[in-house]
Amino acid sequence: IVTANGKNIAPQNVENAIKAAGIVSQVVVYGDRRSFLTALVTVNEEAARNLLREREGARADALSYAEVSKRPPVRAALQQAFDHYNAQAGRAETVKRFVVLDHDLTLEGHALTATLKLRRAHVVARYAFADGALASYMNGLGRQVGKSLQTADDRARIAKAGVAVAGEMAGISGGASLADEELARMVRAGR
């Protein structure tokens with residue numbers, strides 16, 4: 001990552017430091033050509049459930065992953081993890097903002113390769129509308145993402161996810177149908 005200030009930052013170093021906190025499962029840091037770093041975060045479900053069991057008892061076991069990730073004690077633990085990292089990081093390497101995803105990044109979701117390495121371009125493209133800051137990042141990423149998406153299936157999945165999330169964020173109740181229309185258009189166009 002090269003920030004707007006010209007600082008070179010290795011995202012893996014930042015991500016590994018943040019993942020050292022037990023509450024974090026996966027983290028994707030981005031901020032190329034931006035003045036600050038932002039992160040997409042997934043919660044370590046086991047650690048989060050243990051934290052909730054201490055505070056809420058057996059009710060924590062009945063919660064879905066999405067509900068667990070939204071609970072205030074879990075969000076506070078994530079904030080504490082980022083605060084701890086930021087206290088030790090240099091100014092250019094601090095993460096100013098993070099977005100918690102409501103599901104983990106998986107191989108089945110095409111976020112990881114067969115060797116369980118993160119597919120950064122796919123993750124950033126898929127969640128481009130989950131965080132308003134990602135939209136401007138995507139404008140700069142452009143061709144790199146397009147080149148890495150070799151199959152029509154990959155491009156269609158990303159378009160469907162982006163349109164559905166954009167529809168939800170805009171308050172459009174038919175977000176899924178918009179995504180289906182976009183997917184059909186892309187398939188017809190052979191992209």
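Which ring does the charged end of Arg34 sit over, and how far is that end from the ring's centre?

Tutor: This is a predicted model, in which local features need pLDDT of at least 70 and side-chain atom pairs count only at pLDDT 80 or more, while totals for chains, interfaces and linings use all residues. Residues are numbered from 1 along each chain as its sequence is written, and side-chain values use heavy atoms, with hydrogens and water left out. The charged end of Arg34 sits over the ring of Phe36, 4.8 Å from its centre; the criterion is that NZ of Lys or CZ of Arg lies within 6 Å of the ring centre and within 35 degrees of the ring normal.

For ring pairs, the rings of Phe, Tyr and Trp (its six-membered ring) must have centres within 6.5 Å, and planes under 30 degrees apart count as stacked, over 60 as edge-to-face and the rest as tilted. By this rule there is one aromatic pair: the ring centres of Phe82 and Phe98 are 4.3 Å apart and their planes lie at 5 degrees, so the pair is stacked. Because Phe82 belongs to helix H4 (residues 72–88) and Phe98 to strand S3 (residues 95–100), the pair ties together parts 16 residues apart in sequence; helices (H or I, at least four residues) and strands (E, at least two) are DSSP runs, numbered from the N terminus. Phe82 is buried, with a relative accessible area of 1%, whereas Phe98 is partly exposed at 22%, where buried means under 20%, exposed over 50% and partly exposed in between (1.4 Å probe, protein chains only).
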